[in-house]
Amino acid sequence: MKKGNVRCIFSILVCLLLGAKVYHMHAHQHDYSKEIETLLSRMTLEEKIGQMNQVNFDSLSDELLQQVENGEIGSFLNVTDPKVINILQKAAEKSKHKIPLIIARDVIHGYKTIFPVPLGQAASFEPAIAETGARIAAVEASEHGIKWTFAPMIDIARDARWGRIAESLGEDPFLSSLMGEAMVKGFQGRDLTAPTAIAACAKHFVGYGAAEGGRDYNSTSITPYALRNTYLVPFQKAIDAGVLTVMTSFNDNDGIPSSGNKYLLKEILRKEMRFSGLIVSDWNSVGEMITHGFAVDGKDAARLAASAGLNMEMNTGLYVKYLKRLVEEGRISISDIDASVRYILNVKFCLGLFDNRYLNISKESAIYSEKHLQAAREAAVKSAILLKNDNHTLPLREIRKIAIIGPMADAPYDQLGTWVFDGEPEHTVTPIGALRDYTEYKDIQFVYEPILRKSTDNDTVNFRKIRQTVETADAAIVFLGEESRLSGEAHSLSDINLIGYQSDLLREVKKVGKPVVTVIMAGRPLTIERDLPYTDALLYCFHPGTMGGPAIWDLLFGRANPSGKLPVTFVREVGQIPLYYNHNNTGRPAPDHAKTLYDKSGEKQSSVGDVSFYLDSGKEPLFPFGYGLSYSEFKYSGLSLSSKKIGMKGSLVISVTLKNTGNMDGTEVVQLYVRDRVGSIIRPVKELKGVQRVNLKAGESKVVRFVLSPDDLSFYGMDMIRKPEPGYYTVWVGGSSNTDLQETFLLE
Ligand code: GLC
């Protein structure tokens, strides 16, 4: 571990040792602490408040440079021109205390080389994919002077109507924790003072994905148990991984907006979770407390946020406008101001900005390097999920000519997905682009007709070309899905069917009678049950990024074998939402594969059910969490436990034999689930507790082992203390959350 990290982590440890004193940390600690206190002692109240002010960059001006020289601004977001950043840093160096600026940007799933959206990366169930993607994003972004990204977004997302599910790592706390931790490590690197290290930001704290109705920014009603047992889990993992910053969320939870929630920030985040980094607000969330009806006016909003322990205020300028007066009026304590400034300075010291604030612009660029593009291609391959493959339609074999149909076959902007500020569509390799430019696919004969110009196109005039296009080919590959603007922030949908006339297009293609392969690129799990009968095979790609084109052909032609698994449940109907695998059992669970009313005509009004399901769509999802097919066949057998009971200091080894009975080498994501049969509060019917990607040659078998410790079973029970509870547990191992292979053990 490099010097920089040791110092930084040590100074954070010093904070932790001081526990509650972290707000009143004094000068007798470690390196940075000494430097921090020295600085602090020399700063005026205005200069301290200036550090708490994050400004959205618009354009350079003398006035702006003067503000920086006066120490009125601590950070900028959304400036990406290295020359401009050096000018701003120069102005900061002219300020009295020479405190460097920290430059931030939303680098969510790539800077220039764009990786699959985070929901897609989560489908790989491979943390290394997320870490590599984040590292590459950091290398590219830091080249332009960005030293802080507002990622990973680790909101648990169980509602496909919510546009930001695309940006999430799915519905499961364990998987979101694994992938979020990997992204933190990727962005921040092994040495925080390295030029390519950028501060990560765990967001949005907290519960933003639980917006009522899946409607962005809407209220949430997360109970204290659900908060700790579900929504905080990925954040604790990110904090344990050393994430330097956290961003508060827009939503109010139970009537309290996060940016003004003192209990959430000071008691839970700081004390309970022992976070000692920087807390920044989301965009206008401080000012929006007025709109929420939580603050009277801007001054009140600044007071609520600062006294709640929000360290840096993004974009509304309310801190710099009101905090001085609030301190003078005794309505904000100077200790709150000092604590905030300590956290901010600590991040700047950790990143080595005091020693290296300027960019070396002339160095050779790594942006779009072959290595980066290859990594993005591998990520897109591993993020794709094979949902249907009747009659072994895939991989494509003995294909002389293919017909390529659909609006997503050559959509360079939309293929990148949401939250792409700096990606460039001209660098996207679409499926059509790959056939044209990639040597491995240049000999493929194809005919291409989009038929619909874009996913929302309602003009079906070109439907008349479908038959003549498809009948000349051996198979039809149909590219459907969502334009990137249909997911992401503020882009929630109440209808998540394939939008526009895409389903009609698929039916028309199927009528021609050739094998049909559908590839969907979308930002969310769509309700595609009605489309399945019209395609022989279906590959689902959550917007796969810059290299999605070659990756898709790698999979369709069998140069790669699909291994992705669903990080989120696919519902049959939008009306089933929320429907997720790790749900409570209820007192009246419907039997598996509960029949719906329409299976039994003539039923009387009082005859159906008495159990928890939908009369029309049953209780099952279309595809469950963790589901995904392969060109190989994987068989599980011989599930065994090292013991039928363990004590609180014991551990359990769970073994299973996995065999690839197919005729292709492949990778299976082996999943370990548990259920605590009885808890002081009800426990979910299944919880993911382990994943392993296992590569097996055709015919090969391997014993796969997991080690489970009692702490892995810990949760906040009735007494709100995190610990495992004794009792019987069921263990499952399989290639999806609906696996039946199970064993039971007793925790004493
Ligand atoms: C946005 C998003 C947040 C982002 C911030 C800065 O509104 O909610 O995720 O990091 O503003 O762009």
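## The sheet

Two strands pair once DSSP finds at least two bridges between them. In this predicted model, helices (H or I, at least four residues) and strands (E, at least two) are DSSP runs numbered from the N terminus. One spot to look at is Val653, whose bridge partner in E22 is Val707.

## Rings meeting rings

Rings of Phe, Tyr and Trp (its six-membered ring) pair if their centres lie within 6.5 Å, with planes under 30 degrees apart called stacked, over 60 edge-to-face and the rest tilted. By this rule there are 21 aromatic pairs. Take Tyr581 and Phe625: their ring centres are 4.5 Å apart and the planes meet at 15°, so this pair is stacked. Both residues lie in the loop between helix H20 (548–556) and strand E17 (634–641), so the pair ties together parts that are 44 residues apart in sequence.

Both partners are buried (under 20% relative accessible area; exposed is over 50%, partly exposed in between, with a 1.4 Å probe and protein chains only). Tyr581 comes in at 8% relative accessibility, and Phe625 at 0%. There is also an aromatic cluster made up of Tyr540, Phe542, Phe570, Phe623 and Tyr627.

## Charges over rings

Two tyrosines have a charge sitting over the ring (NZ of Lys or CZ of Arg within 6 Å of the ring centre and within 35 degrees of the ring normal). Over Tyr343 it's the charged end of Arg270, 3.5 Å from the ring centre. Over Tyr111 it's the charged end of Lys112, 5.6 Å from the centre.

## Around Ser168

Ser168 has its place in the loop between strand E4 (148–149) and helix H8 (173–188). Ser168 is buried, with a relative accessible area of 0%. Leaving aside residues up to four places away in sequence, Ser168 touches Pro118, Leu119, Met153, Asp155 and Ala157 (contact means heavy atoms within 4.5 Å).

## Ground rules

Residues are numbered from 1 along each chain as its sequence is written, and side-chain values use heavy atoms, without hydrogens or water. Local features need pLDDT of at least 70 and side-chain atom pairs count only at pLDDT 80 or more, while totals for chains, interfaces and linings use all residues.
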